Amino acid sequence: MGNHEEATDLLDTTMVTLTAGITDLTPQSGKGVIDQWISTLSESENTKELVNLLHQLKTQLESGAPNSGELQQVLLQLSTMAQEMGINVGPEGDITTRLEALGAALQNVAGQLSGA
């Protein structure tokens with residue numbers, strides 16, 4: 001992932017989008033952030049699985065009628081990957097904390113989908 005500042009900015013933008021709450025989320029509000037993540041993560045060979053999940057998420061959002069079960073599954077997988085990345089990153093300042101928070105936020109949105 002690019003430099004530390006770019007990474008933290010993208011994490012912050014993602015958190016703002018996710019913490020708006022599922023009722024305020026629209027496919028358009030998430031697609032720009034997803035595109036940024038895809039662009040950033042496509043630069044690395046070891047993030048292919050993550051990029052594939054992001055493409056699945058984007059496809060669901062663009063479909064007009066996302067399948068909430070599939071959407072929930074993709075969000076949970078992304079949550080797990082974010083939390084694992086936080087563990088593997090090591091002592092990189094606040095990136096670990098931000099990745100853990102991202103994982104929790106993704107899990108929260110996925111949980112809201114089951115009640116939607």
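This is a predicted model: local features need pLDDT of at least 70, side-chain atom pairs count only at pLDDT 80 or more; totals for chains, interfaces and linings use all residues.
Asp12 belongs to helix α1, which covers residues 4-18. Although Asp12 and Leu102 are separated by 90 residues in sequence, their C-alpha atoms are 9.0 Å apart in space.

## Helices α3 and α4 one by one

Helix α3 runs over residues 48-62 and helix α4 over residues 68-89. From the first C-alpha of α3 to its last the distance is 21 Å, close to the 21 Å expected for its 15 residues at 1.5 Å a residue. The 22 residues of α4 should span 32 Å at that 1.5 Å a residue, and the end C-alpha atoms of α4 are 31 Å apart, which agrees. After α3 comes Gly64, whose phi is positive, near 90 degrees.

The buried residues of α3 are Leu50, Val51, Leu53, Leu54, Leu57, Lys58, Gln60 and Leu61, while those of α4 include Leu71, Val74, Leu75, Leu78, Ser79, Met81, Ala82 and Gly86. An α-helix has 3.6 residues a turn, so residues three or four places apart point the same way. The cover over the buried residues of α4 includes α3 as well as α5, which spans residues 95-114.

## How α3 and α4 pack

The axes of α3 and α4 come within 10 Å and cross at roughly 150 degrees. Because angles over 145 degrees count as roughly antiparallel, the two helices α3 and α4 are described as roughly antiparallel to each other. The crossing in which α3 passes α4 is left-handed.

On the side of α3, the contact is made by Glu49, Leu50, Leu53, Leu54, Gln56, Leu57, Gln60 and Leu61, and on the side of α4 by Glu70, Leu71, Val74, Leu75, Gln77, Leu78, Met81 and Met85. Sorted by class, this contact of α3 with α4 comprises eleven nonpolar, three polar and two charged residues.

## Gln60, a residue of the α3 contact

Gln60 lies in helix α3 and is among the residues by which α3 makes its contact with α4. At 13% relative accessibility Gln60 counts as buried, since the class requires a value under 20%. Leaving aside residues up to four places away in sequence, Gln60 touches Pro66, Asn67, Glu70 and Leu71. Of these, Glu70 and Leu71 are also named among the residues of α4 in the contact with α3.

Key. Residues are numbered from 1 along each chain as its sequence is written. Side-chain values use heavy atoms; hydrogens and water are left out. Axes are lines fitted to C-alpha atoms, for helices over the stretch in contact, and angles run from 0 to 180 degrees between N-to-C directions. Helices (H or I, at least four residues) and strands (E, at least two) are DSSP runs, numbered from the N terminus. Angles under 35 degrees count as roughly parallel, over 145 as roughly antiparallel, 65 to 115 as roughly perpendicular and the rest as oblique. A crossing is left-handed if the near helix is turned anticlockwise from the far one by less than a right angle, and right-handed if clockwise. Contact means heavy atoms within 4.5 Å. Ala, Val, Leu, Ile, Met, Phe, Trp, Tyr, Cys and Pro count as nonpolar, Asp, Glu, Lys and Arg as charged, and the others, Gly among them, as polar. Buried means under 20% relative accessible area, exposed over 50%, partly exposed in between (1.4 Å probe, protein chains only). The expected span of a helix is 1.5 Å times one less than its number of residues.
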